[in-house]
Amino acid sequence: ERWKPLYAWVYFGAVGSVWIIGNGLYDDLLIDAKSAVPGLLLMQAFLKVWVVSESATRLAEERSGGSFELLLTTPLSDRDIIGGHWKALGRQFGKPLLLFVALVAYTLHQLLGAWQAALGVGVLLADLVAVAWAGMWFGLTTRSPNRAILRTTALVLMVPWLLVSLASFVLGYWHRL
């Protein structure tokens with residue numbers, strides 16, 4: 001458990017190194033909007049699923065292992081318990097996430113403009129908060145951590161993005177008529 005905060009730094013360090021080396025080798029290819037935006041979306045998707053996994057797994061394992069019942073016998077309130085889980089997520093992802101958000105904001109601002117950068121960062125942060133809350137909820141209400149992860153990913157990430165994609169397709173098709 002004490003090494004988990006290091007994993008986020010290793011992930012962002014590895015991705016950043018690949019980004020810098022690739023940019024040097026391929027003459028600013030990774031700063032082009034056609035490659036940078038999908039790359040950032042892929043990194044965001046991985047990060048969101050990782051946050052889902054951590055938030056859902058902790059509570060599901062505590063519930064199935066019986067330690068959650070012990071925790072409920074203490075004088076801690078429900079706010080204290082949930083606050084502790086938020087602090088654990090903050091310790092694991094907080095500082096690397098701030099660096100990543102700055103990178104996303106800077107890259108999107110350079111490529112697309114200030115409005116799109118603000119929108120991209122807002123969606124990233126809203127998705128992260130939503131998946132953390134939903135992950136905790138499904139971690140408490142489902143039988144296994146795997147089901148909690150799948151439900152959270154499907155309902156909070158996949159369904160909204162599929163609806164946005166469908167709406168974009170329909171509006172684009174309608175606009176061509």
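The model is predicted, so local features need pLDDT of at least 70, side-chain atom pairs count only at pLDDT 80 or more, and totals for chains, interfaces and linings use all residues. Residues are numbered from 1 along each chain as its sequence is written, and side-chain values use heavy atoms, with hydrogens and water left out.

**Exercise 1. Describe the overall build: how many helices and strands does the chain have?**

Solution. 
- Start with the elements: the chain has six helices and zero strands. Helices (H or I, at least four residues) and strands (E, at least two) are DSSP runs, numbered from the N terminus.
- Read along the sequence, this gives the pattern α-α-α-α-α-α.
- Next, look at the extent: the C-alpha trace spans about 60 × 45 × 25 Å along its principal axes.
- Finally, 33% of the 177 residues count as buried.

**Exercise 2. Find out how H1 packs on H2: what is the angle, and how far apart are the axes?**

Solution. 
- Two packed helices are described by the angle between their axes and the distance between the axes.
- For H1 (residues 4-25) and H2 (residues 33-65), the angle is about 170° and the axes are 13 Å apart. Axes are lines fitted to C-alpha atoms, for helices over the stretch in contact, and angles run from 0 to 180 degrees between N-to-C directions.
- That makes H1 roughly antiparallel to H2. Angles under 35 degrees count as roughly parallel, over 145 as roughly antiparallel, 65 to 115 as roughly perpendicular and the rest as oblique.
- Now look at the residues that meet: Tyr7, Phe12 and Trp19 are among those from H1, while H2 contributes residues including Met43, Phe46 and Trp50. Contact means heavy atoms within 4.5 Å.
- By class, 12 nonpolar, one polar and three charged residues take part in the contact of H1 with H2. Ala, Val, Leu, Ile, Met, Phe, Trp, Tyr, Cys and Pro count as nonpolar, Asp, Glu, Lys and Arg as charged, and the others, Gly among them, as polar.

**Exercise 3. Decide for each residue: is His85 buried or exposed, and is His175 buried or exposed?**

Solution. 
- Keep the cut-offs at hand: buried means under 20% relative accessible area, exposed over 50%, partly exposed in between (1.4 Å probe, protein chains only).
- His85 sits in H4 (residues 78-111). Its relative accessibility is 9%, so His85 counts as buried.
- Leaving aside neighbours within four places in sequence, His85 is in contact with Arg58, Leu59, Glu62 and Met136.
- His175 belongs to H6 (residues 145-176). With a relative accessible area of 71%, His175 is exposed.
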